[in-house]
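Work through the following exercises with the structure open. Each task is followed by a solution in steps.

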Amino acid sequence: MRGKWKILILLAPLAGVTALVLAACGTVLLQSLGYVPAFGLDTLTLSYYRAVLGDPAFLQSLGVSLRIAATSALLAAAAGTAICAALVGTGRTRGALTYLVRLPILVPHAVTALFAVLLFAQTGLLARLAFALGLIGDFSQFPQLLHTAGYQGAVLSYLWKEAPFVAYFVLALMAGISGTLGEAAENLGASPLRSFFTVTLPLSMPAIAKAFLIIFIFAFGGYELPMLLGPTVPKALPVQAYLAYMSPELRDRPYAMVMYGVILLLSVAMAALYGLLTRALWRKLGGERP
Amino acid sequence: MKLSVKEVSVSIGRAPILRNVSLEVESGELLSLLGPSGCGKSTLLKTVAGILPPERGEVWLGERDISRCPPHRRNTVIVFQDLRLFPHMTVADNVAFPLKMRGVGREERLGRAAELLRKVHLEGYDRRAVSSLSGGQQQRVALARALAAQPDLLLLDEPFSSLDEELREEMRRLVLELHREFHTTTVLVTHDQQEALSMADRVAVMAGGRILQCGSPREVYDRPALRQVADYFGGCVYLPGRVEGGRFCSPCLSGPVQAPDGPYDLMLRGSALQLDRPGPLALRLEECRFRGADALTRWSLEDGAVLERALPLPIPWAVGESVTCQVDWDRTALFPAAGGEGVAP
Amino acid sequence: MNRHWCLKLVLATAAACILIPVALILVWSVTARWPWPDLLPVRLTLRTVRELFLGSAQLPRLLFSSVALAVATAVLGTAVGVLTARATELYAFPGKGLVRLCGLLPLLIPGTVFAIGIHLTLLRLGLADTLAGVLLVHVTVALPYCIAIMGDVTRAVGAGLEEQAAVLGAGPLRAFWLATLPGLMPGVLSSMSMAFILSYSQYFTTLIVGGGRVRTLALVLVPYIQSGDRPLASVYAVVFVGSALLIFFLLESAIHRMERGGKSK
């Protein structure tokens, strides 16, 4: 009996936080269904969803955000895994280099946007280098990377910040696997490359996939980078949603909330999909029970 | 295949672990590396397998210098203490792994795996997940996987230490059985004296990163070349005395030996006592403890030193009784008296 | 050998990619004139540094409030992390999976959505546009990391020492304080370090929930970057990254000392 109370007390703060999170989500969803009593809207309806989902501008924004999230997460996961593998392969799992890898974790997204401007703008350092090397004759010849519909600037900024995050996130697990099972594979005749791809990498996948999910959800709902580095059209979904939220016409609030609702529901769906996949994989690894 | 380790030194970080180690293991032999934990025996194994690079020295396998050969081309397979079975593969895929690395086709390698699983008494476990097996079963899978590689050299790194005693004995028997069948040159690392003495053709005793003595189990136990080796096996007393004209003389015991004249200490173990033959050594039974299958007796010598000896029941003497006995001189060793420590005669 | 060469190339590239932009803002922060297409600035200045201290942003106050908020987040988040980890790692109870999921929730819901929703919720609680509200939101954002880090150390330390202290006569709180907490300390500091960084660099949540009343360095940084004044934006970025690094290294060296001390004992 006393044990039960102890557990409840220990979990009370988390319960409070969870209640806040759920209340926040509930509020967004409720308002997206047209329930905003403060503005005199008190009937639940799907009409706002219908209106927004039928709007080509919204669909474009959704596409942009999905693309930013997918490419950023994929590139960061790949680059981060490569960095991690290099750290493990050269035995540098502690020390100066790992601190360097953690540096981008300290840098806020807004500052990475500044990096992108200073490096990739048409008057940025890369353009200057290209000019010095004779590759371009004038800054207007340098390819547009910022404020483009392709959102290259935002993706590159996410890559700079999140690839090291992946490397650091996966490092302990991969080093542990490589030092035991990877070593065993080499001992049994697998070349270092083969040992990495047949043993170390598959067994590091849970951490890599988790990092991918975190980055995907973050980049999908991220505001600063697409706001600072994106074009006027098409806007990323969180930027579009914030604009709608700030609209002086208060009775338009549900339209903004539909966009936030879509971001929320798709993120949760991604997380659920991840959960189902890992559970299926886990069951497969568990194999037949005796 | 014959293994030759030639004057190998290894450091990890700045700490020297192996100092100028040389060792030969004959083709088909089972050699045991015996020593306390931290003596460098696992390091030697990893150096032979190419996982740790030696600072100096060479490793030869048969007629080939493999010192520069990467681990995956050495064909020197370790069964690790923690087994290191691949958790994302079935039992059969684990066993077939080395064959897959060699490009053996799926059908053939799974057939081979099934055959090896039968040899380790795990028939029909092919499709099971590794995590569903007991500790002893996992041990057998690791062994089968190592054999699947058809290693030139099989290296067992304390592979039974995580098992309970009964299972350990069963595994020892299995390893000996497989060794008899495959004649794989084998190095068994252990800190269990009985395991080393009962399984190996030869035992190499290690301490402080060096090999102290290498010889048959009887040699290293009964005729240790160094006090350190004698002390490692333990249970011995040293009787100080002198050798004069081929005869060792001490207050408690004298007898014929082969050594030049001078002061010596005679190492004597309980196992060298021939209690059924009256002789020059006077003893008193101090204690007798029933142990089930036998009894452990403690005997004091005239100078107060104490020896232990397990004896079959019933014990014909009463505690406190004095007896005299013969000594099996082949099971004793002479060391130059303290200060002159060095090689035994 | 060949393979090491390849891996070292990967590491060198990564290191260069990480360091070059940081070096670039250092240069830009003291640049007076850097016309196209020069590779180096033609004139340096300390105007930006003067602006930092004399300008409208009131840097010292800003730094103080940002650090104070982040430290409070670190302490609170880690405390909740310690409690939650104790429950999930040391006790058996039904519904543990659900509790773990609750701990991950803030990570699975984009911060932008959470900020908007929580702002409306806090309005009802009277916490919107207050420091307390912002603190609550920052703690929520940091919590998944705090719980994960504390979960790892709590599992590693276990209940053994505490049980030993208890049978030797220590009450539950003293047993925790004297026997378990010292072992948890490296994890406590890592968790605080992570929570600090997360709070220190929050932008959107602070913007929405703080309603303009709560000002942090991360918040005022954005308009400077938007303004296009590269030297001024750079100098603020340098201040931000520099102060974050300083605190990160203070915590990190404390962890290091602690781990070494733990080993020699």
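**Exercise 1.** Describe the contact between domain 1 and domain 2 of chain B.

Solution. In this predicted model, five residues of domain 1 of chain B are in contact with four residues of domain 2 of chain B. On the domain 1 side, strand S9 (202-207) and helix H7 (217-222) of chain B each supply at least two residues. Sorted by class, that side has three nonpolar residues, one polar and one charged. As for the bounds, domain 1 of chain B covers 3-222 and domain 2 covers 232-336. The C-alpha centres of these two domains of chain B lie 38 Å apart.

**Exercise 2.** Characterise chain B as a whole: secondary structure, box dimensions and burial.

Solution. Begin with the secondary structure of chain B, which comes to eight helices and 20 strands. Next, take the principal axes: the C-alpha atoms of chain B fill a box of roughly 75 × 50 × 35 Å. Then turn to burial: of the 345 residues in chain B, 41% are buried. Finally, consider contacts in chain B with a separation of 6 or more; 63% of them are between residues 24 or more positions apart.

**Exercise 3.** Which helices of chain C supply at least two residues each to the side that touches chain A?

Solution. Start from the totals: 63 residues of chain C are in contact with 61 residues of chain A. The helices of chain C that each supply at least two residues are H1 (2-28), H3 (59-90), H4 (96-108), H5 (111-125), H6 (131-157), H10 (217-227) and H11 (230-264). H1(C) gives the largest share, 14 residues. By class, this side of chain C has 47 nonpolar, 11 polar and five charged residues.

Key
Residues are numbered from 1 along each chain as its sequence is written. Chains are lettered from A and ligands numbered from 1 in the order in which they are written. This is a predicted model: local features need pLDDT of at least 70, side-chain atom pairs count only at pLDDT 80 or more; totals for chains, interfaces and linings use all residues. Two residues are in contact if their C-beta atoms, placed from the backbone, lie within 7 Å. Helices (H or I, at least four residues) and strands (E, at least two) are DSSP runs, numbered from the N terminus. Ala, Val, Leu, Ile, Met, Phe, Trp, Tyr, Cys and Pro count as nonpolar, Asp, Glu, Lys and Arg as charged, and the others, Gly among them, as polar. A residue is buried if 20 or more other C-beta atoms lie within 10 Å of its own, exposed if 12 or fewer, and partly exposed in between; C-beta atoms are placed from the backbone. Domain bounds come from an automatic or database domain assignment.
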